[in-house]
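Please read these points with the model open beside them. They go through one region at a time.

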Amino acid sequence: MKKIIIIGGGAGGLELATDLGDKLGKGNQAEITLIDKNSYHLWKPLLHEVATGILNEQADRIDYAKQGQQHNFQFNQGTFTNLNREEKQVIIENLNHESVSIPYDILVMAIGSTSNDFGTPGVKEHCIFLDDQNAAIRLRETLIAKFSSFCSIIDEHESTTEDKIRIAIVGGGATGVELASELPHMVETFGACGRNKMCSDLLDVSVIEATDRILPALPEKTALGITETLQKRGIHVLTKTMITKAESDGFYPKEGDTINADIMIWTAGVKAPDYLKDIAGLESSRSNQLVVKPTLQTTRDDNIFVIGDCAYAMQDSGRAAPATAQAAHQMAKICYENIVNMLNNKSMKSFNYTDNGTIISLHDTAQGVVKIAGKREMNVKGFFALTIHRLLYRMHQASLLGIFKTIRFVKASKEMYKNKFASIFTHQD
Ligand SMILES: Cc1cc2nc3c(=O)[nH]c(=O)nc-3n(C[C@H](O)[C@H](O)[C@H](O)COP(=O)(O)OP(=O)(O)OC[C@H]3O[C@@H](n4cnc5c(N)ncnc54)[C@H](O)[C@@H]3O)c2cc1C
């Protein structure tokens, strides 16, 4: 029986493992194994909600082992460290920190991306990144600890207008903007949970962007509308501000004064992990992604497919497919068909990315564009846009769990949210 190994159970990898398990695992046509360093999946586009306590990671997680049991794939928890193409083996570090080799006939790399600090001095040491669920939980704990100590200061001395918690976020893409827009709400909730002196007026949030506007993936008019919404909520949007250094007291721009900050967050771009660069002689891009053919097979090895953020898939437009959940999902679907076709000696399909638009959630509203058939652009705003944004997540869940389980999930998540949200903010000091 052919052994198919998928490394990374994220937006792309888990959908692929589920589809392959349902199709090939069920009839014992292939043995499918998913490998991930974590034991559960959380949809990455919602990490800023985990960081601000909006999303309940307990209720919204999907356990890989359980998913595998229900969809006929095996799960192996471990961290991918290397690849031996001659022997057709992946090397992983298991939970006992032992190095283990696992053989494959077909390998799919779906390990996503990590933050890119572009070599900016001090960023690694002083900034928080939003790379995975563990980082999001750490950020939430840091924020709550800061709010708590700030409360004690206010309790001891009368606060002055100078007293503020300064949070600086570098990167005006979707991650930075969505995170910034949740922070005032997080502080208000913290205040409502017994810290009555805490309110969003005590927060000083800046989104710092090197280019002349935030959200380059959106039309200028939409991005300006979002800038206005942020500014109305008291969030500073600093454009044309290139950060050259980070130190413990804040960010140092190329021009102008230091941007002092108590909490520094870096969301200014992504790259594939450094260890992927030229791994086992495979071709890689400047951002360490593995270069693939239109079939999503690597240019130098037909037995290795790559999907999601770690794939460099050049499109007819002359640009590579973007590092988004949307692209990861579309790649997972084509990769699934191609693997099934490969095993049945049928011809393979080409991956062509369809841009269905981008919606930015701004806590209680959202704004963006949807593209009809990848072409006609329609501006969306307010509750309608927010509903589509939530729907994207629920569609991802439905593709993994089915409609009925997703509905049960939504109900359970709402119930746990009510209890957990309060406990997150009341049990800290
Ligand atoms: C806050 C935020 C908001 C975003 N908003 C949007 C949005 O609105 N729309 C959109 O389309 N995209 C959005 N994105 C981008 C989107 O999340 C990614 O493009 C998408 O998740 C990529 O999917 P993937 O399958 O390639 O990787 P991921 O979903 O990142 O999954 C990678 C998986 O690989 C595992 N892994 C990593 N390294 C190893 C290793 N060495 N060994 C074993 N396992 C490993 C990880 O644990 C993870 O499960 C957002 C991202 C963030 C952080």
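**Notes on the model**

1. Asn28 sits in the loop between α1 (13-25) and β2 (30-36); helices (H or I, at least four residues) and strands (E, at least two) are DSSP runs numbered from the N terminus. Its phi is positive, about 50°, although Asn28 is not a glycine. With 57% relative accessibility, Asn28 counts as exposed, where buried means under 20% relative accessible area, exposed over 50%, and partly exposed in between (1.4 Å probe, protein chains only).

2. On the basis of these notes: this is a predicted model, in which local features need pLDDT of at least 70 and side-chain atom pairs count only at pLDDT 80 or more, while totals for chains, interfaces and linings use all residues. Residues are numbered from 1 along each chain as its sequence is written, and side-chain values use heavy atoms, with hydrogens and water left out.

3. Lys88 also has a positive phi, near 55°, in a residue other than glycine. Lys88 belongs to the loop between β5 and β6 (89-94). Its relative accessibility of 28% makes Lys88 partly exposed.

4. How is the protein divided into domains? There is domain 1 (2-113 + 272-343), domain 2 (123-269) and domain 3 (357-418), with bounds that come from an automatic or database domain assignment. Between domain 1 and domain 3, the C-alpha centres are 24 Å apart. In the interface of this pair, 22 residues of domain 1 are in contact with 19 residues of domain 3, contact meaning heavy atoms within 4.5 Å.

5. The largest nonpolar core has 52 residues, and Val90, Met109 and Leu296 touch the most other members. A nonpolar core here is a set of buried Ala, Val, Leu, Ile, Met, Phe, Trp, Tyr and Cys residues joined through side-chain atoms within 4.5 Å. The element that gives the most to this core is helix α9 (residues 325-343), with six residues. Domain 1 and domain 3 each contribute at least three residues to this core. In soluble globular proteins, nonpolar side chains tend to be buried together.

6. Which residues does Leu296 contact, leaving aside neighbours within four places in sequence? They are Ile304, Phe305, Val306, Ile307, Ala313, Met331, Ile334, Cys335 and Phe351.

7. The ligand is surrounded by 28 residues, of which Gly12, Asp36, Phe80, Tyr275 and Asp309 are the closest; a residue counts as near a molecule if one of its heavy atoms lies within 4 Å of it. Strand β5 (74-84) and α9 each supply at least two residues of this shell.

8. Asp36 places a polar side-chain atom 2.7 Å from an oxygen atom of the ligand. For Asn38, a polar side-chain atom is 3.3 Å from a ligand oxygen atom. Ala323 takes part through a backbone N or O atom, 3.2 Å from an oxygen atom of the ligand. On its own the ligand has 1,000 Å² of accessible area, and the protein covers 88% of this; such areas come from the Shrake-Rupley method with a 1.4 Å probe, and for residues only the protein chains shown count as cover.

9. Not counting residues up to four places away in sequence, Asp301 touches Arg85 and Leu282. Its side chain makes a polar contact of 3.2 Å with the side chain of Arg85. A polar contact is a pair of N or O atoms within 3.5 Å; within protein, one must be able to donate a hydrogen and the other to accept it, and residues adjacent in sequence count only if both atoms are side-chain atoms.

10. Thr227 is found in helix α8 (residues 220-232). Thr227 is buried, at a relative accessible area of 14%. Beyond its neighbours within four places in sequence, Thr227 is in contact with Ile214 and Val237.

11. Ala373 lies in the loop between β24 (366-372) and β25 (376-381). A relative accessible area of 67% makes Ala373 exposed. Ala373 and Asn356 are 17 residues apart in sequence, with their C-alpha atoms 7.2 Å apart in space.
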